[in-house]
Amino acid sequence: MYGTGIIRGLRITLKNLLLPSRMFTLHQYPDRKVGILWLAQNADINPLKYVLANPGKSIRAIIGLETVEDRQPKHPRFRGEEFTWYEQRCTGCASCAKYCPLGIIRIVTEPSGNAMPEGEKYGIEVFDIDIGRCMFCGLCVEACPYDALHLGSGFEEGTYKREELVIDIDRLRKSRKKPSTWFRPQLEEKSYDPGIGRDVDWTEAGRHESPSSDDQAAKWAKR
Amino acid sequence: MELGFRNIHAFVSGILPDGLEWIAFSISGIFLALVVINALVGVAALYTWFERRVLGRFQSRLGPNRWGPFGLLQPLADIIKLITKEDISPNSADRIVSTLAPIALLVPAFLVFAIIPFGTNSFLGDLNVGVLFIMGVTGMNTFGIFMGGWGSRNKYAMLGAMRGVAMLVSYEVPMALALAGAVLLAGSLSLSGIVASQTLPFLIVQPLGFLVFIIAASAEMSRAPFDMIEAESELTGGYHTEFSGIKFAIFQLAEFMAPLVTAAILTVVFLGGSRGPDLIPGQVWFILKALAATFLLLWIRATWPRLRVDQIMGFAWKGLFPLALLNIFLIAAEIQFFQSGGIEPIGVSTLLIMSGINWLVTGIAIYILANVLGQPSLQPKKPVPSPLANMYAEAE
Amino acid sequence: MPIRTEPVTINLGPQHPSTHGVFRLRVTFDGEEVIDLEPVFGYLHRGTEKLAEERTYTQIVTLTDRLDYESAMSNNLGYVTALEKLGGIEVPERAMYLRVISVELQRIASHLVFTGFFLQELGTFVTMLMYCFRERERILDLFEMLCGARITVSYMRPGGLTQDAPSDFWPALNDFLEDMPGYIDELEELITRNEIVLSRTRDVGVLDPEVAIDASISGPILRASGVQWDLRKADPYEIYSEMDFEIPIGATGDCFDRYIVRLQEMRESVKIIKQCVDKIPDGTVKTDGAFFMRPPEGDAYGCVEAPRGELGFYIVSDGGISPYRCKIRSPSFINTTMLRDMIVGGKMSDLIVIFGSLAVNMGEVDR
């Protein structure tokens, strides 16, 4: 009958209002308001006991001021900001700079004496990545023959100035080594998760222990 | 203790010397008006929180939750933000009209509350022509909307205002007729008289009147599915497109007052007002019923899309108007039949019989009307592949 | 005394809630009725075609993400299809299956966005939008598993894909496929029989099949007019020839049909993905050595059935590392050509509904 369709619509919205499984899709970011029940459950004691034990926190929870940190869970492959770079692995070949569609990676190298046990290596003076223009396509990571450059796992790089968005070599050296597993099957095989995992050492990050001239020749002559 | 005009008046005239009766009268009036208006603004602010929160849950969002416990201080934050914002108006706007427009929209909403009986004795004034007063005062918001649309010299606002005038005037008619049914049954134009006569809530006795009233009222306050006055997706805000700062705040206040006004009238006329079992006070019954009514309005807002202009007008005149007339005829005939010339109030058993008849007639009337209005073109058609460029039809 | 009236011209846009980006419609109204209309676009022009001439073939993949940002996977596929035709590159079978899975997921996501915004324009105060986005979120999570990004995926490469799917992708995909029909049922119950939606969209903005074909309109809009044309069947690419699915068509070609065709396409997509999950073989997902490519001199046109219609890339190569010319046939742009004929004579509300039912994406119109 005419008119039943809109009534049925009302039923669906009511279902969405009441069913807890259909309720939330949004994360409260960056922190989540928690109630007293949640706190007690977290501490694994009776809510009443919890109230008696820490009354201050309980009052804050009742008037809605108690928060816990809440982050959107990310997949290990998430292509985040703050690149992870291993100086020990980098030869300064600038493949990443060549492959960047926007040309935002700048590398200046010099012939260097501190060569790795095998293979040639340049000393790297400048390694700037302008993540203000970066679109995190990951082509630089894909291009890197020695797995020296990885995408990071964070996404909170907001700054007040565009200049601060240029990641220079010092920041790359100092930054936490929590690489994304995107295009790095060796990390994925170890089921590494940058969200919960530890920092990754340069020896673990690569597909091969140390790049040799033969490796290079094999890799580049084919292309 | 009931806080009423008489108590305050008696108190004030007790303090004042004799011969200054008019001062006592004005002081108590102004005091009460101040209390009620401020309380209403507070309630409207709380209602914005309620509406946004419940709407958020309907839409599987969270709603405002950051500022204060459960986001309860959000209205305060909004008000501070809107008041401190710059009041911008277009260069060619009609300053006087556009400044008066928010006030013209807000005042009727407050005026209605002057005669709403919140409890048996809790009201500002018991007007013996209460229903007429409501009709007259709610009709005023047409001016507010048109002033806003005209004064801001914006084409979107103008379109919204024109739509508004056409729609509001049309929906006055079924709304008045729906109220007339209740008036007939109660035998009184005063709102407390209507409440007193509802031994059985009029929702049960005259469902048709309730239906017509709630549809017409949601059109009167231009909420979904009749929200074509503001129609965000079409008119980017309608009549209040060009308003900012405090003027916009007042428009928003008026907009959020509208459901409260509607819920209050609905409660008084159709849900039995403050009547209810004596477990809890009448005022609480009133608030609970009004909350239920606002929830119904919210639910509809969260679910239904908007109708088109011509459909809204057609619905008013072709759908609601006949239904409202039918309701009046039905009630009048029943009163004539059951009351048989007497003037004593109708008993509950008689009301139950009447409601039985009315529900039956309502069902039949809506069924017939639905099948008349529901054009056959709305039935799904079976798709037929077009012979043009149709490679699969040949293969099969 | 006759009342003097005059038509009013309103600029709908560039900033307007229902123009899907920065689109401008110069509309002349006679009261509520539209008597003339002129679309103005170019506000989102980023010169993708010209930029492509200065990028290597692999780098262009990242540009295609930004064309129709609601269906980046399909754009990726359209580009690599053309390029593979040009370079004669073989694609591993597993890669083709994964491509089809991701493209069909993207189709569902794009149609969900359409449904949400269409209902938003009809006037449901963001309710349906939130419901649709809630479902779409799960697809985006799947994309995040596949390629680390949610919108601008850059997942496909000439000769395959960047990466195989991770092990936790398959259970998540199966969960999603189990839930999705229920979601569609819910949407259908909420919208399809809703009398308000019906009365707003039935017989509004009717596009005749003859006109649609003449204007080279493609995709769900063409199918809503009753023309059974789908590149997945008409010119099967990837592994669509092995898939068993139907092409839904509409009865009259009005706004409602455009909605219902998309809704049914979502069901068909779920069906296709299920078949792919059953059939997917093991193996590599990328041809080795395709990262640096210099296709031979010549040209190629590759097209796929994107969620909005036929998305084609015409690439001319001069033998260098970047294309000499890269022309994009974007479905949204061509689908807007009939806007004036559909809208004129309708009410203002119809204008919004008709424009919404076309589901144009300004990133693609302006390129």
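Predicted model: local features only at pLDDT ≥ 70, side-chain atom pairs only at ≥ 80, totals over all residues.
Residues are numbered from 1 along each chain as its sequence is written, and chains are lettered from A in the order in which they are written. Local features need pLDDT of at least 70 and side-chain atom pairs pLDDT 80 or more, whereas totals for chains, interfaces and linings use all residues; side-chain values use heavy atoms, without hydrogens and water.

Chain C is divided into domain 1 (1–45) and domain 2 (49–358), with bounds from an automatic or database domain assignment. The domain centres, taken over C-alpha atoms, are separated by 29 Å. In chain C, 17 residues of domain 1 are in contact with 16 residues of domain 2. About 1,500 Å² is buried between these domains of chain C, 71% of it from carbon and sulfur atoms; buried area is the accessible area (1.4 Å probe) that two parts lose on being put together, summed over both. In domain 1, His20(C), Val34(C) and Leu37(C) lose the most area to domain 2, together 33% of what that side buries.

The count between the two domains of chain C is 1 salt bridge, defined as a side-chain nitrogen of Lys or Arg within 4 Å of a carboxyl oxygen of Asp or Glu. The side chains of Arg340(C) and Asp36(C) form a salt bridge at 2.9 Å, N to O.

Note on methods. Contact = heavy atoms within 4.5 Å.
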